[in-house]
Structure formats: C-alpha cells, structure tokens
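Me: Could you take a close look at one part of this protein for me? I would like to hear about the salt bridges and what surrounds them.

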Amino acid sequence: MHAFDVLGDPVRRRILELLSGGGHSSGEICAVIQEEFGISQPAVSQHLKVLRDNGFASVRAEGTRRLYAIDPGPLREVDMWLEQFRRFWAQPLDALATEVARGRREGRGAAGNRTPWKA
C-alpha cells in the first residue's frame, strides 16, 4: 500500500496524531478512536494493523498489553516527497511572519505614544 493510501484515511491519521505524543496501548488508542469515530474495537485493530504492516507504527508486548509507537521511516519518505512542493507555502509563510513581526514592532511603538484611558 502506498504511503498516501495509508495516510488518506482519517482514522489512521488520528492514530498517528495520538502516537506522535508518545507510545500508547492498543486499549488507549481504541478508547479514543471509538469515542471520536464511533467504530468498533475490531475496526480500530484493523487500522492499527495497516499502520504496522506498512511500517508507520511498531508494537511491542509489555505483559498483556500491546504498546504502539510511531516508526518515522515512512513519514520521512512522505516528507522527502513533499519537499518539491514546499516552495508553494514556504515563501508565503515567511512573508506572513515578516508582516506579523512588523505589526508587532509598529504596535509597540504606537502603544508607547498612547495615553491610557481613564474612567
């Protein structure tokens, strides 16, 4: 399965978002996904299997629990593919940052010249 096929599913993207904050047990993942998407535990398990089988997540046993974590390899491949498109948003974001900084500088100067309102 191609990386974008894996990432195309909102449930799998949400699972990766959860895992980005650190490892979670399958039970913790299932609870969140069932609450947010209203799908069954077996359906969540299938999504976890797709993530594992395609290298996006790893699992290790800890007693009776299964702990999932992100495997960054496929995400690096996606990032490398996206590199060719970054120019479409990098410059506008840099320009926005410049304008925000300019607005803050002008705002501080103007604030220093104002008389506070008194009741």
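Reply: Happy to! Let's start with Glu-36, which counts as partly exposed because its relative accessibility is 43%, between the 20% and 50% cut-offs. Please keep in mind that this is a predicted model.

The side chain of Glu-36 meets that of Arg-14 in a salt bridge, at 2.7 Å from N to O. This pair links distant parts of the chain, since Glu-36 sits in helix H3 and Arg-14 in helix H2, 22 residues apart. Arg-14 is partly exposed too, with a relative accessible area of 22%.

Glu-17 is partly exposed at 46% relative accessibility. Taken together, Arg-14, Glu-17 and Glu-36 are linked in a network of salt bridges.

The count for the model comes to four salt bridges. Another one of them joins Glu-62 and Arg-60, with the closest N and O atoms 3.3 Å apart. Here Glu-62 is partly exposed at 39%, and Arg-60 is partly exposed at 49%.

Back to H3, the helix that holds Glu-36. H3 (residues 26-37) packs with H4 (residues 41-53) at an angle of about 115 degrees, their axes 10 Å apart, and the crossing is right-handed. In this contact, Ser-26, Ile-29, Cys-30, Ile-33 and Gln-34 of H3 meet Gln-41, Val-44 and Leu-48 of H4. By class, that makes five nonpolar, three polar and no charged residues.

Methods: Residues are numbered from 1 along each chain as its sequence is written. This is a predicted model: local features need pLDDT of at least 70, side-chain atom pairs count only at pLDDT 80 or more; totals for chains, interfaces and linings use all residues. Side-chain values use heavy atoms; hydrogens and water are left out. Axes are lines fitted to C-alpha atoms, for helices over the stretch in contact, and angles run from 0 to 180 degrees between N-to-C directions. Helices (H or I, at least four residues) and strands (E, at least two) are DSSP runs, numbered from the N terminus. A crossing is left-handed if the near helix is turned anticlockwise from the far one by less than a right angle, and right-handed if clockwise. Contact means heavy atoms within 4.5 Å. Ala, Val, Leu, Ile, Met, Phe, Trp, Tyr, Cys and Pro count as nonpolar, Asp, Glu, Lys and Arg as charged, and the others, Gly among them, as polar. Buried means under 20% relative accessible area, exposed over 50%, partly exposed in between (1.4 Å probe, protein chains only).
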